[in-house]
Amino acid sequence: MPARAPSLDDEIRDLYRGPLGDFTAGRQALAKRLRQDKDPREAEVKELGKPPLSAWAVNQLFAREAKGMAALVGAGERARAAQRRVVTGGEAGPLRQAIETVRGEVERLAERGAA
């Protein structure tokens with residue numbers, strides 16, 4: 001079965017996942033190809049902004065550490081739910097535990113991001 005060609009959305013996603021220094025040249029090459037193909041999304045691609053370094057780093061983590069990022073988001077949601085329970089008179093222990101999990105995931109992902 002032949003491989004399917006990447007969609008434009010896939011190509012845009014790849015721009016944001018690629019090396020930050022290659023973003024502008026990649027965006028321009030993609031827009032040029034779309035112009036040659038008379039694709040109306042050329043203008044959309046030309047307007048794509050180069051992400052700040054911090055946003056690019058988070059994109060890299062989502063691409064390369066999907067399980068860790070999912071764990072962080074899940075821990076944050078549990079912390080938020082535990083905080084709501086504490087505010088209404090619930091036990092503080094689960095909130096402390098959830099916050100520690102968030103801190104641990106942030107620390108681990110920050111180390112991965114720095115690498």
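These legends describe close-up views of a predicted model. Residues are numbered from 1 along each chain as its sequence is written, and side-chain values use heavy atoms, with hydrogens and water left out. In this predicted model, local features need pLDDT of at least 70 and side-chain atom pairs count only at pLDDT 80 or more, while totals for chains, interfaces and linings use all residues.

**View 1. The largest nonpolar core has 9 residues.** Its members are Leu-8, Ile-12, Leu-15, Phe-23, Leu-30, Ala-31, Leu-34, Val-45 and Leu-48. Helix H1 (8-17) and helix H2 (23-36) are the elements that give two or more residues to this core, and H2 gives the most, with 4 residues. A nonpolar core is a set of buried Ala, Val, Leu, Ile, Met, Phe, Trp, Tyr and Cys residues joined through side-chain atoms within 4.5 Å, where buried means under 20% relative accessible area, exposed over 50%, and partly exposed in between, with a 1.4 Å probe and protein chains only. Helices are DSSP runs (H or I, at least four residues), numbered from the N terminus.

**View 2. Glu-105 in helix H6 (residues 93-114).** Glu-105 counts as buried because its relative accessibility is 18%. Not counting residues up to four places away in sequence, Glu-105 touches Gly-68, Ala-71 and Leu-72.

**View 3. Val-58 in helix H4 (residues 53-64).** Val-58 has 38% relative accessibility and therefore counts as partly exposed.

Methods
Contact = heavy atoms within 4.5 Å.
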